[in-house]
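Please open the structure in a viewer and keep the selection tool at hand.

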Amino acid sequence: MSLLTHLLACLFGMGSWVSINGLWVELPLIVPEIPEGWYLPSYLSVLIQMANVGPLFVTLMHRFRPGALNEIAVIYVIIGLGTAASFLLGFFWKETVVVAGVPRSVALLVLTFFLAVVDCTSSVTFLPFMMRLKTQYLTTYYIGEGVSGLLPALVALIQGVGVVHCINSTQSLSHTLNSSNSSVTFDLRAQYQPANFSAEVFFFFLSAMMLVCLAAFLLLNYHPSVARELPNGQYTNGVKERSQSNRKWVEQKSMMDPYRPTTQKRRSSFGTGSYSWTQVFYIFAILAWANALTNVVLPSVQSYSCLPYGNNAYHLSATMAAVANPLACFIAMFFPIRSLLLMGALTVIGSAVGAFIMSMAVLSPCPLLVNEASGSVIIVLAWILFALTLSYVKVIIGVILRDEGHSALVWCGAVVQLGSLLGAVTMFPLVSVYSYFSSGDPCNTKCP
């Protein structure tokens with residue numbers, strides 16, 4: 001295998017969600033500067049789900065007009081759009097427009113919607129594009145997808161986003177009529193530290209990362225060493241004139257899978273027919289569940305589950321969970337165990353750890369062991385184990401579906417977005433409407 005192709009696949013995957021992931025980690029710097037305040041995360045959640053019109057369009061085109069959509073052209077468009085939107089955010093994210101007598105960050109919201117369309121659509125275009133390469137490179141692509149969350153988090157740490165110091169604050173509580181004496185109390189007040197560089201620089205960094213993704217995509221298409229990695233010269237890119245015969249071959253032939261016999265009876269009409277319809281539904285159900293938990297449900301309560309243990313626990317859990325994602329992909333590169341039983345067991349373990357994290361978020365601002373160092377250690381380890389197990393499950397499902405053909409990967413991306421959508425619909429009212437979770441004050445919360 002070509003090391004260059006591995007690197008390009010990783011850089012290509014890195015562009016899949018780097019923009020939206022970067023926007024989320026930059027919120028502590030953005031929120032104080034805009035009129036929406038901390039309602040912005042709720043607006044972002046709605047915009048991201050609205051952006052599912054992109055993957056919906058691509059999926060419907062593959063279903064009803066197979067071969068009519070040029071996937072390579074679509075990828076060029078969405079990467080270019082993501083680059084432009086990230087670059088423009090650096091100039092216009094603070095600009096407001098008066099709407100119905102109220103100032104609104106229209107430019108920020110519109111550009112965020114375009115970024116969300118780019119990232120959501122990447123789920124149903126980037127994965128099918130990887131069909132042109134050998135199976136091993138799909139795992140490298142998933143490593144890049146994991147890095148798309150890790151890299152912005154590391155840059156935000158260097159930037160100093162969300163660093164809080166507790167400072168003394170003197171307050172006068174009362175002043176009696178007959179005395180000039182007043183009651184004075186000394187309280188701690190949370191103060192966010194200024195960042196080491198501005199949000200504008202961070203958005204330009206995101207734009208540069210999208211340019212790197214574009215360069216990697218160009219080389220994956222045109223570099224001679226990559227062309228030598230094409231399996232038997234076969235590739236379906238979605239272009240109608242040459243895709244029909246190729247697609248039939250890809251859908252019916254197991255693609256270089258050493259784990260599967262070359263001759264076996266078809267058990268269903270899905271892909272190569274290696275799995276029954278019950279197994280196919282089982283795989284897709286786990287895929288939707290894992291993505292709902294890892295993309296929306298648990299990240300939406302991460303601050304509630306970690307901040308009571310301190311800012312260090314919060315930043316460490318966020319960073320190490322981001323590290324666990326590409327680490328799981330790296331493990332899957334060497335141990336691609338395609339057992340459906342193991343997949344289910346790991347999903348149960350990851351879900352159980354996720355339930356523990358959710359229970360700590362519900363108990364916030366006074367979760368278990370809140371005043372103990374062991375509490376911080378446990379919550380950080382829980383986030384690492386949660387991300388590690390479910391990330392491995394997602395990669396293995398991607399490898400399985402890659403061997404089932406082009407359409408299987410398109411449906412893989414569609415189910416990923418469906419799981420995220422269901423997670424958002426569930427969590428948005430709990431977090432933003434009913435305020436079911438309480439964060440407490442990072443400096444003054446007293447717990448028994």
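Predicted model: local features only at pLDDT ≥ 70, side-chain atom pairs only at ≥ 80, totals over all residues.

Select Phe 330 first: its relative accessible area is 45%, so Phe 330 is partly exposed, a class that lies between buried (under 20% relative accessible area) and exposed (over 50%), with a 1.4 Å probe and protein chains only. Residues are numbered from 1 along each chain as its sequence is written, and side-chain values use heavy atoms, leaving out hydrogens and water.

Phe 330 and Phe 334 both belong to helix 14 (residues 311-334), 4 residues apart, or about one turn of the helix; helices are DSSP runs of H or I with at least four residues, numbered from the N terminus.

The structure holds 19 aromatic pairs, meaning rings of Phe, Tyr or Trp (its six-membered ring) with centres within 6.5 Å; planes under 30 degrees apart are stacked, over 60 edge-to-face and the rest tilted. Now select Phe 12 and Phe 129: their ring centres are 5.4 Å apart and their planes stand at 65°, so this pair is edge-to-face. Phe 12 lies in helix 1 (residues 3-14) and Phe 129 in helix 7 (residues 106-129), so the pair links distant parts of the chain, 117 residues apart. Both Phe 12 and Phe 129 are buried.

How values were computed
Helix = DSSP H or I, 4+ residues; strand = E, 2+ residues; numbered from the N terminus.
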